[in-house]
Amino acid sequence: YEQLEEQRKDLGEAHFLAYLSAANAYTLDLHPTQLLAGLRAMQLSKKALQLAPNDPLTLSVRGHIMFYAPSPLGDKRQALDLYTRACNRYDELGVRDEVYPVCKLNIAICYRYLGDKARYKQLYQETISEYPYLEQ
């Protein structure tokens, strides 16, 4: 029981840090001169991932941070890996929350940015046919 309680506490902290990192990333997106917010987003999402390395939400948020961060900090390939790991983990857990379809769509988008247009089109069509509301 104590081990389970500790894991739950770590997951709560990881989710808190993940959401906080996302808030910092959005701050940077809205105010590009706020570079400190971008660095904070990187640090917080990294810490969240250290606390919960197999949590799909934490993996997905870190994927967002890596995808949208400017070039020296961000990494589209790492974002692809993180989104893929998140979706795989959702599949393992049998969970389909609101993050899962967006995560699947982001995998497709990563392929587009990495130059694999065929894989992008395939995954995009599969995801949109399963979750048509994402096409809006």
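**Tyrosine rings**

I began with the aromatic side chains and found Tyr90, Tyr100, Tyr131 and Tyr133 linked by ring pairs into a cluster. My rule for a pair was that rings of Phe, Tyr and Trp (its six-membered ring) have centres within 6.5 Å; planes under 30 degrees apart count as stacked, over 60 as edge-to-face and the rest as tilted. By this rule I get six aromatic pairs. Tyr100 and Tyr131 are edge-to-face because their planes stand at 70°, with the ring centres 6.4 Å apart. That pair joins distant parts of the chain, 31 residues apart: Tyr100 sits in helix α5 and Tyr131 in the segment after α6 (117-130). Tyr131 also pairs edge-to-face with Tyr133, at 6.3 Å centre to centre and 80° between the planes.

A note on the model: it is predicted, so I kept in mind that local features need pLDDT of at least 70 and side-chain atom pairs pLDDT 80 or more, while totals for chains, interfaces and linings use all residues. Residues are numbered from 1 along each chain as its sequence is written, and side-chain values use heavy atoms, with hydrogens and water left out.

Tyr100 is buried at 4%, and Tyr131 is buried at 13%. Tyr133 is partly exposed at 46%.

**Ser21**

I then turned to Ser21, in helix α1 (residues 2-30); helices are DSSP runs of H or I, at least four residues, numbered from the N terminus. Ser21 is buried, at 0% relative accessibility. A polar atom of its side chain lies 2.7 Å from the backbone oxygen of Ala18. Beyond neighbours within four places in sequence, Ser21 is in contact with Ala41, Leu44, Ser45, Val61 and Ile65, where contact means heavy atoms within 4.5 Å.

**Helices α3 and α5**

How do α3 and α5 pack, at what angle and how far apart? I noted about 35° and 11 Å between the axes of α3 (residues 56-68) and α5 (residues 99-113); axes are lines fitted to C-alpha atoms over the stretch in contact, and angles run from 0 to 180 degrees between N-to-C directions. On the α3 side the contact is made by Leu57, Ser60, His64 and Phe67, and the α5 residues include Val99, Cys103 and Tyr113.

Conventions
Helices (H or I, at least four residues) and strands (E, at least two) are DSSP runs, numbered from the N terminus. Buried means under 20% relative accessible area, exposed over 50%, partly exposed in between (1.4 Å probe, protein chains only). A polar contact is a pair of N or O atoms within 3.5 Å; within protein, one must be able to donate a hydrogen and the other to accept it, and residues adjacent in sequence count only if both atoms are side-chain atoms.
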